[in-house]
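This briefing covers helix packing, the surroundings of a ligand, and selected backbone features. The sequence and structure come next.

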Amino acid sequence: MARPTSIYVCSACGQESIRWAGRCPGCGEWNTLIEQMQPRGGRGGAAARGSRSESRGGAGAVVPVALSEVAAHQEDRLSTGIGELDSVLGGGLVPGSLVLIGGSPGIGKSTLTTMALAHLAAAGRRTLYVSAEESAAQIRLRAERLHVGDALRVPVIAETSLDTVLATLERERPEVCVIDSVQTLHCAELSSAAGSVAQVREVASEIMRLAKSLRITVLLVGHVTKDGALAGPRVLEHLVDCVLQFEGERERTYRTVRAIKNRFGSTNEAGVFEMRDQGLVEVLDASARFVGEATRAPGSVVLCAMEGSRPLLVEVQALVSSSELVPPRRVVAGLDRNRLALVLAVLGRHAGIGLGTADVFVNVVGGVRVEEPGADLAVALAVASAAKRVAPVGGDGGPLACFGELGLTGELRTVAHAERRLAEAAKFGLAPVVAPGAHATLRSALGDALGDTSAARMEAA
Ligand SMILES: Nc1ncnc2c1ncn2[C@@H]1O[C@H](COP(=O)(O)OP(=O)(O)O)[C@@H](O)[C@H]1O
Ligand SMILES: [Mg+2]
């Protein structure tokens with residue numbers, strides 16, 4: 001049987017080549033040749049999988065329709081039975097949509113998707129779990145542990161061949177299907193290894209083609225690389241309707257699911273989960289837990305953060321110790337490293353707290369990631385409090401709550417959703433809150449948070 005040929009296309013200049021080369025013969029760039037399928041236009045294969053536009057061959061033009069004439073049917077959403085996941089999706093799965101779920105290994109992607117299918121199966125939906133990573137027996141063991149919905153009624157196939165999976169989908173016609181994962185399915189017509197750019201792109205687009213024509217809702221699981229980006233080409237993000245990112249550290253309890261892209265809802269939502277024996281459990285009272293666990297010791301403050309459109313109180317801890325190293329250590333967990341550098345520079349320049357010879361460690365407790373400028377003030381206050389060894393003064397002896405962005409001139413800048421943050425703090429008895437509005441500068445906020453000692457006299461321990 002003759003193998004359908006693939007070609008190599010330079011991602012920089014578009015030069016086509018029949019053989020792979022390290023350097024593009026066209027533009028001379030290195031490592032830009034990417035394997036692609038030969039366009040299927042002239043061959044019979046295209047018809048088999050259908051859906052290549054018939055008008056391609058030069059058939060007549062189409063008549064544009066005014067938007068007011070377009071039938072817009074409000075889609076009924078499919079509930080996954082997991083409230084946090086539904087809200088991240090914007091109210092449930094849109095039938096026929098393609099959702100990419102990215103996350104590092106062990107974070108709980110298979111667990112979450114299995115739970116969603118179990119709930120959908122219990123609600124009478126036709127489901128299918130395609131695993132290209134685990135055996136059917138392994139999936140069964142997980143499902144037994146989960147005790148949710150009708151986990152054991154979900155049909156599974158353990159299969160790595162793309163063609164087999166496509167054929168199975170075509171025959172079984174599930175309403176909702178999980179593909180775990182896009183990197184381990186393999187298209188036999190491409191010679192590159194599973195998980196390579198060419199493979200991932202081909203696998204995802206073939207699945208999308210079939211899913212759209214059969215109106216199958218697909219949850220596509222994808223791995224992320226070390227630096228947190230979805231592995232495989234960015235093209236995946238353009239292809240799918242919705243990209244969910246699963247974040248958190250494997251060894252920590254809390255994990256968040258966040259929408260990076262959503263064609264049917266806001267990208268502001270985030271759901272918080274906790275990994276337990278029986279699977280991922282939604283954490284509905286995350287603020288209460290984090291505030292309850294806050295240490296109130298020097299170096300600890302409570303940040304009124306926003307997880308999407310929802311306020312979340314998290315504890316930010318800092319430790320400052322004299323360093324033996326040049327340059328000293330800057331270690332952050334849950335925050336942006338560059339943001340810490342900025343905060344330390346502002347502390348040194350505008351509050352007289354120079355930490356040039358000290359190691360600084362900053363941590364958002366519970367494995368939550370806070371990537372918003374509103375975290376600046378919390379980092380500054382935690383670090384200053386740790387450097388001074390003075391516990392921040394909160395209302396009624398409770399932990400100190402704060403939020404706000406730091407400007408380069410030492411001013412406090414307002415951030416979005418101030419009212420909601422204040423309301424969340426008030427709900428847990430954390431008033432007053434050190435925030436822009438009450439204070440114009442970092443120096444003034446420091447004076448308030450750490451007592452009356454002149455901020456200018458503070459020195460690193
Ligand atoms: N018996 C168990 N009890 C509690 N947690 C478990 C158990 N078995 C596995 N896990 C958790 O499940 C995680 C694996 O989840 P999984 O959904 O397979 O991740 P992914 O598909 O993202 O790689 C592990 O990191 C582990 O924390
Ligand atoms: Mg998995």
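Axes are lines fitted to C-alpha atoms, for helices over the stretch in contact, and angles run from 0 to 180 degrees between N-to-C directions. Helices (H or I, at least four residues) and strands (E, at least two) are DSSP runs, numbered from the N terminus. The model is predicted: local features need pLDDT of at least 70, side-chain atom pairs count only at pLDDT 80 or more, and totals for chains, interfaces and linings use all residues. Residues are numbered from 1 along each chain as its sequence is written, chains are lettered from A and ligands numbered from 1 in the order in which they are written, and side-chain values use heavy atoms, with hydrogens and water left out.

**Helix packing**

Two packed helices are described by the angle between their axes and the distance between the axes. Angles under 35 degrees count as roughly parallel, over 145 as roughly antiparallel, 65 to 115 as roughly perpendicular and the rest as oblique.

- Helix α10 (residues 376-388) and helix α12 (residues 442-449) have axes that come within 11 Å and cross at roughly 55°, and the two are therefore oblique to each other.
- The crossing of α10 with α12 is right-handed; a crossing is left-handed if the near helix is turned anticlockwise from the far one by less than a right angle, and right-handed if clockwise.
- On the α10 side, Leu377, Ala380, Leu381 and Ala384 meet Leu442, Ala445, Leu446 and Ala449 of α12, where contact means heavy atoms within 4.5 Å.
- By class, this contact of α10 with α12 has eight nonpolar, no polar and no charged residues; Ala, Val, Leu, Ile, Met, Phe, Trp, Tyr, Cys and Pro count as nonpolar, Asp, Glu, Lys and Arg as charged, and the others, Gly among them, as polar.
- Helix α9 (residues 337-350) packs with α10 at an angle of about 60°, and their axes are 10 Å apart; that makes α9 oblique to α10.
- α9 and α10 also cross in a right-handed sense.
- Arg339, Leu340, Leu342, Val343, Leu344 and Leu347 of α9 meet Asp376, Val379, Ala380, Val383 and Ala384 of α10. This contact of α9 with α10 has nine nonpolar, no polar and two charged residues.
- Helix α5 (residues 162-172) and α6 have axes 11 Å apart and pack at an angle of about 10°, and are therefore roughly parallel to each other.
- Leu162, Leu166, Leu169 and Glu170 of α5 meet Glu202, Val203, Glu206, Ile207, Leu210 and Leu214 of α6. By class, the contact of α5 with α6 has seven nonpolar, no polar and three charged residues.

- A backbone N or O atom of Lys109 is 2.7 Å from an oxygen atom of ligand 1, and a polar backbone atom of Ile107 is 3.4 Å from an oxygen atom of the ligand.
- From the side chain of Arg142, an N or O atom lies 2.8 Å from an oxygen atom of ligand 1.
- The side chain of Arg142 is also joined to that of Glu134 by a polar contact of 2.9 Å. A polar contact is a pair of N or O atoms within 3.5 Å; within protein, one must be able to donate a hydrogen and the other to accept it, and residues adjacent in sequence count only if both atoms are side-chain atoms.
- Glu134 lies in the loop between β5 (127-131) and α4. Leaving aside neighbours within four places in sequence, Glu134 is in contact with Ser110, Ile139, Arg142, Ala158 and Asp180.
- Glu134 and Ala158 are 24 residues apart in sequence, with their C-alpha atoms 6.8 Å apart in space.

**Backbone features**

- Asp180 and Ser181 are joined by a cis peptide bond with omega of about 5°; Ser181 is in the loop between β7 (176-180) and α6 (197-214).
- A cis peptide bond also joins Ala431 and Pro432, with omega about -5°. Pro432 is in the loop between α11 (418-427) and β20 (433-434).
- His147, in the loop between α4 (136-146) and β6 (156-158), has phi near 50°, a positive value in a residue other than glycine.
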